[in-house]
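Hi,

Here is the structure I promised to pass on.

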Amino acid sequence: MRIAILPDDNTIGKVAADLIEELYRAKPNAVLGLATGSSPLPIYKELIARHQAGKLSFKHGKAFMLDEYVGIPNEHPERYRNVIDTEIASHVDFPADAVNGPDGNAPDLHAACAAYDRAIKDAGGVDLQILGIGSDGHIAFNEPGESLTSRTHVGVLTEQTRRDNARFFDGDIDQVPTHCVTQGLGTIMDARRLVLVAQGKGKARAIKELVEGAVSAKWPATIMQMHPDAWVLVDEAAAAELELADYYREVWEKSR
Ligand code: GLP
């Protein structure tokens, strides 16, 4: 894994945006994996700025989202599809229908999950997947105890995750859906490059486990240790529990 301990959100956004810009220069029809949550927002801000400056275009690109709530009304602002439109898709030049998300309101959710995996495959697979991490170590909505090789599936949200996400639902956990549709860890691991971002002390334990813990379903993000091209971009607070922080800083500086 490439581990970067960076000073602030702006730098995290810039380093991740450099990787995405480099991808689209080399492959204008690249497939980008989009994540919701607050962690990737500095990346989206930077991508929008570069697009507006004429440096980056998504006009031949495609994107796939990681996950979606089940049963959330289509027009709800916290429906992940709407969040992605608000935070990034509506500000850049992805063609109509180029941004795909799992359908949390499909009449047959299991069939919709299988169709989503097929759509990713038919698009040639995800070239670069942006990821955040939950405080319990989940990525997308793969909660502790899930199979490390799962495909897109219907999942149950833990109370911890619903409590974490209640801030988007008037602080009321009862308004947070109980189920989700999520890319599985196996689906995520098929992406050619993974770029996970995390900020703040609330993520410090999860980052410690992700980088230095044993690979285990207890901390789902640890599966990233098995990926040949995984990047972890964190601020000082999220890096606070890393035992080998000085080593990672040295390697990062010397590899640039
Ligand atoms: C949700 C999303 C995850 C995200 C996590 C962390 O559970 N499904 O994809 O990584 O929240 O969110 P935040 O970045 O806001 O801390």
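The chain's secondary structure comes to eight helices and ten strands, where helices (H or I, at least four residues) and strands (E, at least two) are DSSP runs numbered from the N terminus. Keep in mind that this is a predicted model: local features need pLDDT of at least 70, side-chain atom pairs count only at pLDDT 80 or more, and totals for chains, interfaces and linings use all residues. Residues are numbered from 1 along each chain as its sequence is written, and side-chain values use heavy atoms, with hydrogens and water left out.

On overall shape, the C-alpha trace spans about 50 × 40 × 35 Å along its principal axes. A compact globule with 256 residues would have a radius of gyration near 18 Å, and the chain agrees with its 17 Å (taken over C-alpha atoms; the globule rule is 2.2 Å times the number of residues to the power 0.38). Buried residues make up 54% of the 256, buried meaning under 20% relative accessible area, exposed over 50% and partly exposed in between (1.4 Å probe, protein chains only). Of the contacts (heavy atoms within 4.5 Å) with a separation of 6 or more, 78% are between residues 24 or more positions apart.

Now the largest pocket, with a volume of about 510 Å³. A pocket here is an open set of points on a 1 Å grid over the protein atoms alone, where a 1.4 Å probe fits, with protein on both sides within 12 Å along at least five of seven lines; lining residues have an atom within 4 Å of a point. Points are joined across faces, edges and corners, and the volume is the space filled by probe spheres set on them. There are 28 lining residues, with T36, G37, S38, Y80 and N165 nearest the centre. The elements giving two or more residues to that lining are β4 (67–69), α3 (80–87) and α5 (159–165), and α3 gives the most, with four.

K14 is partly exposed, as its relative accessible area is 42%, whereas E21 counts as buried because its relative accessibility is 11%. Leaving out residues up to four places away in sequence, K14 touches E46 and R50, while E21 touches R50, K55 and L56.

Cheers
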